[in-house]
Amino acid sequence: MQKALDISLKGNPSPNPFVGCIIVKNNKIISKGFHKKFGEKHAEINALQKAGKKAKNAELYVSLEPCSHYGKTPPCVNAIINSKIKKVFIALKDPNKLVNGKGIKKLKKAGINVKTGLLKKQAEKINKAFIKFQKTKKPYVILKTAMTLDGKIASQSFNSKWISNKKSRKKVHEIRNKVDAILVGENTVIKDNPKLTSRIKNGRNPLRIIVAGKKLSSKLNVFADENFLIATTNKKLFKEKKFKGKIIELKIKNKKAIKLKEKNNLVNLNDLMKILGKKGISSVLIEGGSKIYTSFLKQKLIDKFVFFIAPKILGKGIPVFGDLKTKKINKAVKLTGISVELIESDLMITAYPEY
């Protein structure tokens, strides 16, 4: 099962879950499969096709309950039954209401021995985004930032290139490659002019979401193609069909902009998450800046933190978070599930908030 979990991460199936499958016969692995991309064959089908007739009387290990309904592909349960697999080990029951135990029941009804819960916690960790999306219909939110040792994300003049080292930045591209969308504020777009793309071979570029109230130049890198979305509270932007001069056209009819309400003088990000969920976006990577980070934390919308800490001291500069109105230490946001990885000179710290 651990091997099934490991190979599941080779795929990029979002908004579908990461799934890996191992088929064993006479204590030997005879085939492996994982879900590569959304709309393509599932892990079980890939493994069964490789195994062929050898699958008869074999054991199948899969990290998520096999599907029992017709979606982009036929149900995996039918293929498992037809292959005459004798025993199936499942790490995690599928939270999708279309499945949610139905696949397990169908396997048992066909006379197949089914065991569930093997490495369940590890399977849940791998598919945190999928599980949250299925239960709440809102995306899983990851906050990622590169910061100095004294907690600054840029100098006073907003210079931030480069705080982290090359290997850390490569790691960021790997994270981008696995999410559905990247979100930044207007200041980050104006000051840094980022591309917000995933420079991974055969990878994919997530949707670029810009929270903005200003008119933005069409020459900015985030508008290099149509893969962007603007979220704004500025009603004036919706009154102008096209801005004067070299300014982007919102193309509201093409759903390139979302109008949001304010909450405590901030963009109502919870409403934005609901809208993104309806658009099928199951994971969002927040990449700046300080106002956006602060707003997401204040509204308790962050599910995971990824901090890249460089051995540099800046002194005055732009902090990761602004005023959270926290007056006592015991009221500070606590982090749990902390893991630390050394990436050359940088520290990558992964953690989860306790709200």
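The model is predicted.

Helix α2 spans residues 43-51, and seven of its nine residues are buried, which leaves the helix mostly covered. The buried residues are A43, E44, I45, N46, A47, L48 and A51. Their cover includes strands β1 (20-25), β2 and β3 (59-62), together with helix α3 (76-82). After α2 comes G52, which has a positive phi near 60°.

I45 is one of the residues of helix α2. Is I45 buried or exposed? With a relative accessible area of 17%, I45 is buried, because buried means under 20%. When neighbours within four places in sequence are left aside, I45 is in contact with C76 and A79. I45 and K167 are 122 residues apart along the chain, and 36 Å separates their C-alpha atoms.

Helix α11 covers residues 290-298. Seven of its nine residues are buried, so the helix is largely enclosed by the rest of the structure. Those buried in α11 are S290, I292, Y293, T294, S295, F296 and L297. Just after this helix, K300 has a positive phi of about 55°.

**Salt bridges**

How many salt bridges does a search of the whole structure find? The search finds seven. In general, side chains of opposite charge can pair when their charged atoms come close.

E287 is buried, at 10% relative accessibility. R176 is buried as well, with a relative accessible area of 8%.

R208 belongs to strand β9 (residues 207-211) and D225 to the loop between β9 and β10 (228-232), so the pair ties together parts that are 17 residues apart in sequence. R208 counts as buried, at 1% relative accessibility. D225 is partly exposed, with a relative accessible area of 37%.

K325 counts as exposed, because its relative accessibility is 61% and exposed means over 50%.

**Surface patches**

On the surface, K3, K10, K32, K36, K41 and K50 gather in a patch of positive charge. One of these residues, K32, lies in strand β2 (residues 28-34). K32 is partly exposed, at 39% relative accessibility.

A nonpolar surface patch of about 630 Å² is made by V333, L335, I338, V340, L342, L347 and Y355. Which strand gives the largest share of the nonpolar patch? Strand β17 (residues 334-343) does, with four residues. L335 lies in this strand. At 35% relative accessibility, L335 counts as partly exposed.

**Backbone positions**

Two cis peptide bonds can be described here. S14 and P15 are joined by a cis peptide bond with omega of about 10°. P15 is in the loop between α1 (2-8) and β1. The peptide bond from G288 to G289 is also cis, and its omega is near 0°. G289 lies in the loop between β14 and α11.

N27 is a residue other than glycine with a positive phi, near 65°. N27 is placed in the loop between β1 and β2. Its relative accessible area is 79%, so N27 is exposed. N57, also a residue other than glycine, has a positive phi near 65°. The loop between α2 and β3 holds N57. At 44% relative accessibility, N57 counts as partly exposed.

Technical notes
Residues numbered from 1 in each chain as written. Predicted model: local features only at pLDDT ≥ 70, side-chain atom pairs only at ≥ 80, totals over all residues. Heavy atoms only, no water. Patch = residues over 30% accessible without salt bridge, like charges linked within 9 Å, V, L, I, M, F, W, Y side chains within 5 Å. Areas by Shrake-Rupley, 256 points an atom, 1.4 Å probe, with all protein chains shown as cover. Salt bridge = Lys/Arg side-chain N within 4 Å of Asp/Glu carboxyl O. Lys, Arg positive; Asp, Glu negative; His and termini not counted. Charge placed at Lys NZ, Arg CZ, Asp CG, Glu CD. Helix = DSSP H or I, 4+ residues; strand = E, 2+ residues; numbered from the N terminus. Buried < 20%, exposed > 50% of the residue type's maximum accessible area, 1.4 Å probe, protein only. Contact = heavy atoms within 4.5 Å.
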